[in-house]
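Here is my note on the structure you sent. Please read it with the model open.

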Amino acid sequence: MAQRVALVTGAMGGIGTAICISLAKAGYKVVAAYHPEFDKPAEWEKEMAAAGVKGTAAVAGDVSDFASCQKMVADAEAAAGPIDVLINNAGITRDRMFAKMEKDQWDAVISTNLSSLFNMTKQVSAKMAERGWGRIINISSINGVKGQAGQTNYSAAKAGVIGFSKALAAELAAKNVTVNAIAPGYVATKMVMAIKQEILQGIIDSVPMKRLGKPEEIGAACVYLASEDAGFITGATLNINGGLHYQ
Ligand code: CAA
Ligand code: NAP
């Protein structure tokens, strides 16, 4: 079988890096999509090499911008061939209690965390359906499942990611293209490290496993959902949260 191609957005962030390493080690040709303002792609490639991964292609683009995604996916296809696996992972937080939340904080999170799924998936889903095989994996969050004070924008977007995944799963199931969401709990990346220390400690204390998730635990789940073995799983949301919340 030809080597499958996986395109990962937010690839140079904490969870994205782990997803790229896990997929590359599982035999995928990985294309790392990164934000154009990220100024250290060469350092990231060194990090990948140190992890034993070489030959990853990289493409730059803004997932909140449709035209940028069109170009980014065209660049990815030119570098690696048709996209078999899309992992919509890029995301941001702009946490604030709703009473104080500004319109630009709402808009930034909705466009980066939710509209990005339209912008990216639109570039690949019809082609996957035509080829009769595809995997679309969308990174949601525990806070899209349960809601989180201080995150009306983020919880709305991440709940939207789950709704999007279920609806598109129904549309593409007959074409052998699966669409699933992963809802991580609190994982040790810069996104979580930005939470005030005393609040973060309270969160960790409330996790039954008393620890943050590891990025590679999300990478491993992506490898499974992308695999042939997961071919009958679609429209699902996989919770990975150390027991913090059950659906
Ligand atoms: N539930 C209900 N009310 C709360 C609350 C909670 N969990 N936390 C605070 N409040 C209340 C406070 O009691 C306070 O009320 P009063 O004004 O009546 O006194 C009010 O909300 C304001 O609270 P703060 O003083 O904390 O407000 P702040 O402006 O300093 O901070 C915040 C607001 C930035 C949202 C901060 O509370 C925070 O960082 N909370 C954590 C949010 C969170 O979990 N973010 C996850 C980020 S990581 C991520 O998103 C990854 C992922 O997917 C898991
Ligand atoms: P992270 O380290 O901050 O990574 C996020 C990545 O997304 C960064 O590389 C960032 O690039 C990129 N990005 C942001 N806006 C973008 C845009 N407009 N266009 C292209 N790329 C953009 O955070 P993370 O923890 O790895 O988060 C990855 C995903 O997991 C996010 O969707 C997040 O919501 C989700 N998640 C995280 C946790 C957690 O606890 N960490 C839990 C549940 C879900 P720049 O940094 O260069 O801007």
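This is a predicted model: local features need pLDDT of at least 70, side-chain atom pairs count only at pLDDT 80 or more; totals for chains, interfaces and linings use all residues.

The points below go from the overall fold to single residues.

1. Overall dimensions. The protein has 247 residues, and a compact globule of that length would have a radius of gyration near 18 Å. The protein has 17 Å, which agrees. Along the principal axes, the C-alpha atoms fill a box of roughly 50 × 40 × 35 Å.

2. Burial and contacts. Of the 247 residues, 49% count as buried. Take the contacts between residues at least 6 apart in sequence: 75% of them join residues at least 24 apart.

3. Gln105. Look at helix H4, residues 103-131, where Gln105 has its place. Is Gln105 buried or exposed? Its relative accessible area is 15%, so Gln105 is buried, the cut-off being under 20%. Leaving aside residues up to four places away in sequence, Gln105 touches Arg94, Arg96, Lys100 and Asn153.

4. Cysteines. The structure holds 0 disulfides. Cys69 is in none, and the nearest cysteine sulfur, that of Cys20, is 16 Å away. A disulfide needs the two sulfur atoms within 2.5 Å. As for burial, Cys69 counts as buried at 0% relative accessibility. Cys222 is also buried, with a relative accessible area of 0%.

5. Asn176. Check the backbone here. Phi of Asn176 is near 65°, a positive value in a residue other than glycine. Asn176 is found in the loop between helix H6 (152-172) and strand E6 (177-184). At 36% relative accessibility, Asn176 counts as partly exposed, because that value falls between the 20% and 50% cut-offs.

6. Lys210. Lys210 is not a glycine, yet has a positive phi of about 60°. Where does Lys210 sit? Its place is in the loop between helix H8 (197-206) and helix H9 (215-226). Lys210 has a relative accessible area of 52%, so it is exposed, the cut-off being over 50%.

Technical notes: Residues are numbered from 1 along each chain as its sequence is written. Chains are lettered from A and ligands numbered from 1 in the order in which they are written. Side-chain values use heavy atoms; hydrogens and water are left out. The radius of gyration is taken over C-alpha atoms; the globule rule is 2.2 Å times the number of residues to the power 0.38. Buried means under 20% relative accessible area, exposed over 50%, partly exposed in between (1.4 Å probe, protein chains only). Contact means heavy atoms within 4.5 Å. Helices (H or I, at least four residues) and strands (E, at least two) are DSSP runs, numbered from the N terminus.
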